[in-house]
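Reader: I have a two-chain model open and want to learn how to read its features. Where do we begin?

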Amino acid sequence: MRTEEVSVLRAHDLKCVKGSTELFSNIHFQIESGEALVVEGSNGSGKTSLLRILCGFNYPAEGEISWCGKTIDGHEDYQQQISYIGHASGVKLDLTVLENLVFAQRLVGSDRDETEIKDIIRSVGLFKQRNVLTRKLSAGQKRRVALARLQLEERKLWVLDEPLTALDKEFVTDFENVLKKHLEDDGMLVVTTHRELLLPDSLTKKINLSA
Amino acid sequence: MLSALITIIRRDLLVAFRRRSELVNPILFYVIVITLFPLGVSPDHEFLSKLAPGVVWVAALLAALISMESIFRQDFDDGSVEQLFLSQHPPTLLILGKVIAHWLITGLPMLVIVPLMALLLYIPEQAIPTLFLTVLIGTPILSLIGAIGVALTAGLRGGGVLLGLLVLPLYIPVLIFASAAVSTAIEGLPSSGHLAMLGSGLILALILAPLAISASLKISMN
């Protein structure tokens, strides 16, 4: 599924304005295959906005983002490289855990069979609840459904907005391992978090939007 | 491609089925509006059959309008809209699937119940096939146009009021041609001209609306 060549995500001189307030400006970074970018900053500093700009949902006031040397505006398959989990995680509350994942993977265009999906559900610890409506799960369990989707989609660039919210300690450790594995497989990661996330230092870049 | 279309239709139908109370709301509204007319205006046979095409279609327009909101509301709240644009498949295709699902939920029940409504309003038998056809061709147009409006207003608070103002003027051609088709059929005249206009409207909407909805969703996400 993954291409051998090195992918590069590069942001040049980004500036974001919401209404009349400037959230951030002069943001530069570059990450390559196997690298992670951790976005830090206080509440309201524009972390979510930056992530949405990266996904192409919002537009920056200035600056540009390029993927493998081509600007993402009008890039034909950039958005198909992304798995995005935002504050609203794209989980349908009126579907069961299993249904959510089955539909999600069909929409991204992969065709795993049900046993593989069940394995992933087991790995996020929701096997017993697989036929329960997501509405009835706890906040942390809903988050787990969203994170299970990541592993299903097999996309190159993971863009995660506060993925650790409501997760318990043991699962955070499991999830860190999933992230490390993703980086080892030449994946890329852009993540915001207020909690400590243990990732290999050599592969992790940090930017702070409040600075 | 086709499998993606079917997948999203199935997903939306399943979600709708799990929220049954919302499912019956528009069709109940439709039936109530039509049954109130004979009570409120006059149960007179000839008078009603003259009024009927307009009544059936005005009720259909309003029922479509109140049902529209549900097409993207939840998707905006749970973050599914973003996922539409990250899919391997073209967003316009998935959006078309969503509109089809929405029509199956709201338009199809209307189609099933409209012959009964026709009897209630003394529409003569020879006009019922035409009425059926106008609903078959007209309600998908309502869903397609309505979805553009919802996509534009979904990001706003109190978008519901704006939706009516935005969408109802665009519904008017459908109302005019559909009720005219039924009226001419009641008088025993051929109504194929009006039906052809409706049909061309449907083709136009099928081609252009998904593009407009996709662009509108992008604006609303921003």
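Author: With a definition. Buried area is the accessible area, taken with a 1.4 Å probe, that two parts lose on being put together, summed over both. Bear in mind that this is a predicted model.

Reader: Which residues of chain A lose the most area to chain B?
Author: K92(A), D94(A) and L107(A) do. Together they supply 29% of what the chain A side buries.

Reader: Now helix packing. How should I describe a pair?
Author: Two packed helices are described by the angle between their axes and the distance between the axes. Take helix α6 (residues 91-120) of chain B and helix α7 (residues 128-153) of chain B. They pack at an angle of about 150°, with axes 9 Å apart. Angles over 145 degrees count as roughly antiparallel, so α6(B) is roughly antiparallel to α7(B).

Reader: Is the crossing of α6(B) and α7(B) left-handed or right-handed?
Author: Right-handed. On the α6(B) side, the contact residues include L96(B), W103(B), M110(B) and L119(B). On the α7(B) side they include I128(B), F132(B), L136(B) and A147(B).

Reader: Give me a second pair.
Author: Helix α8 (residues 159-186) of chain B and helix α9 (residues 192-221) of chain B. Their axes come within 8 Å and cross at roughly 155°. Because of that angle, α8(B) counts as roughly antiparallel to α9(B). The crossing of α8(B) and α9(B) is left-handed.

Reader: Which residues meet between α8(B) and α9(B)?
Author: From α8(B) come V174(B), F177(B), A178(B), A180(B), A181(B) and T184(B). They meet H194(B), L195(B), M197(B) and L198(B) of α9(B). By class, that contact has eight nonpolar residues, two polar and no charged.

Reader: At what angle do the axes of α3(B) and α7(B) cross?
Author: At roughly 35°, and those axes come within 10 Å. α3(B) passes α7(B) in a right-handed crossing. Among the α3(B) residues in contact are V56(B), W57(B) and M68(B). Among those of α7(B) are L131(B), L142(B) and V150(B). The contact of α3(B) with α7(B) has eleven nonpolar and five polar residues, with no charged ones.

Reader: Next, single residues. How do I read accessibility?
Author: Use the cut-offs. Buried means under 20% relative accessible area, and exposed means over 50%. What falls in between is partly exposed.

Reader: Is H75(A) buried or exposed?
Author: Buried, because its relative accessible area is 14%. H75(A) lies in the loop between β5 (70-71) and β6 (82-85) of chain A. Beyond its neighbours within four places in sequence, H75(A) is in contact with W67(A) and K70(A).

Reader: Where does F47(B) sit?
Author: In helix α3 (residues 45-68) of chain B. F47(B) is partly exposed, because its relative accessibility is 37%. R11(B) is 36 residues from F47(B) along the chain, and their C-alpha atoms are separated by 45 Å.

Reader: Last, the backbone. Which phi values deserve a look?
Author: Look at D13(A), where phi is near 55°, a positive value in a residue other than glycine. D13(A) is in strand β1 (residues 8-18) of chain A. With a relative accessible area of 27%, D13(A) is partly exposed. For E154(A), phi is near 55°, again a positive value in a residue other than glycine. E154(A) is in the loop between α4 (139-153) and β7 (157-161) of chain A. At 33% relative accessibility, E154(A) is partly exposed.

Technical notes:
Residues numbered from 1 in each chain as written. Chains lettered and ligands numbered in written order. Predicted model: local features only at pLDDT ≥ 70, side-chain atom pairs only at ≥ 80, totals over all residues. Heavy atoms only, no water. Helix = DSSP H or I, 4+ residues; strand = E, 2+ residues; numbered from the N terminus. Buried < 20%, exposed > 50% of the residue type's maximum accessible area, 1.4 Å probe, protein only. Axes fitted to C-alpha atoms, helices over the stretch in contact; angles between N-to-C directions. Parallel < 35°, antiparallel > 145°, perpendicular 65-115°, else oblique. Left-handed = near helix turned anticlockwise from the far one by under 90°. Contact = heavy atoms within 4.5 Å. Nonpolar A, V, L, I, M, F, W, Y, C, P; charged D, E, K, R; others polar.
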